[in-house]
Amino acid sequence: MLEQASWIDVTRARAFAYTQEGHYFYCLTVAERTWVYDATTSALVQASVWHERTSGDGAWRIRWYAEAYGNKYGLDYDGTIWRVATDVYTDDGDPIPWEFTIGPFTREAENISCPRLTLVCETGSTTDLDADPQVELSASRDLGRTWYTKGSRSLGATGEYVRMINWRRNGNSPGATGFTFKFHGERDYEFSVMDVFAELQPG
């Protein structure tokens, strides 16, 4: 991220650290992008774990951070104070876009196919009992350079706390590059990913 930033943007960068539910986060905002390092997860998986946070089309609105009276607060660039909490699933009342990428899934074969991809997630806590939240899948055969859409699936109604979502017949790919998958959607409800399984076969 810093390699693509200008010198002026780097000199104006802002950063802070905070803890939440046992996780140690380091938040770095450079220009209009905010990257967050999860030190706890990184230690568990023994790999660097970063994710991006946004507000609208720009960087995450929290630029300064403080704790007071048992709560966590963030200050926006315009002076607005926000509460940083895990029991609120919107950003200023708007659904929060989410996205994560996993892969590449490769195999020592000239070509491979992926007859089934399974996402295991915890959901089902929407306040709107008629809501039908969706997750959309995109796939890449060239390590994320180009993507094709595999369609959306329902994340389940309220009460379906653990759900297994399948995409079948995901095509063929060269074994060396394999498949990379990207899941994305919007949420105003509790949601977490538990596991992803990719079934690979030569062919």
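I started at Ser 42 and listed its contacts: leaving out residues up to four places away in sequence, Ser 42 touches Tyr 37, Ala 47, Ser 48 and Val 49. The model is predicted, and I read the entries below with that in mind.

I then looked up where Ser 42 sits. I found Ser 42 in helix 2, which covers residues 39–45. Is Ser 42 buried or exposed? I noted a relative accessibility of 5%, and because buried means under 20%, Ser 42 counts as buried.

Next I went to the largest pocket. I noted a volume of about 2200 Å³ for the largest pocket. I counted 43 residues in its lining, and those nearest the centre are His 51, Glu 52, Arg 53, Trp 98 and Arg 187. I listed the elements that give two or more residues to this lining, among them strand 1 (14–20), strand 4 (50–55), strand 10 (94–105) and strand 17 (192–202). Which element gives the largest share of the lining? I found that strand 10 does, with 7 residues. Sorted by class, the lining of the largest pocket holds 21 nonpolar, 13 charged and 9 polar residues.

I followed strand 10 into its sheet. I traced an open sheet of 5 strands, ordered 9-10-16-12-13, with antiparallel pairing. Strand 9 and strand 13 (148–154) are the edge strands, each pairing on one side only. Between strand 10 and strand 16 (residues 179–187) I noted 8 bridges in the antiparallel sense.

Last, I returned to Trp 98, one of the residues nearest the centre of the largest pocket. I looked up its bridge partner in strand 16 and found Gly 185.

Notes: Residues numbered from 1 in each chain as written. Predicted model: local features only at pLDDT ≥ 70, side-chain atom pairs only at ≥ 80, totals over all residues. Heavy atoms only, no water. 1 Å grid on protein atoms, 1.4 Å probe; cavity = no way out; pocket = protein on both sides within 12 Å on 5 of 7 lines; lining within 4 Å. Points joined across faces, edges and corners; volume = space filled by probe spheres on them. Helix = DSSP H or I, 4+ residues; strand = E, 2+ residues; numbered from the N terminus. Nonpolar A, V, L, I, M, F, W, Y, C, P; charged D, E, K, R; others polar. Buried < 20%, exposed > 50% of the residue type's maximum accessible area, 1.4 Å probe, protein only. Contact = heavy atoms within 4.5 Å. Pairing = 2+ DSSP bridges.
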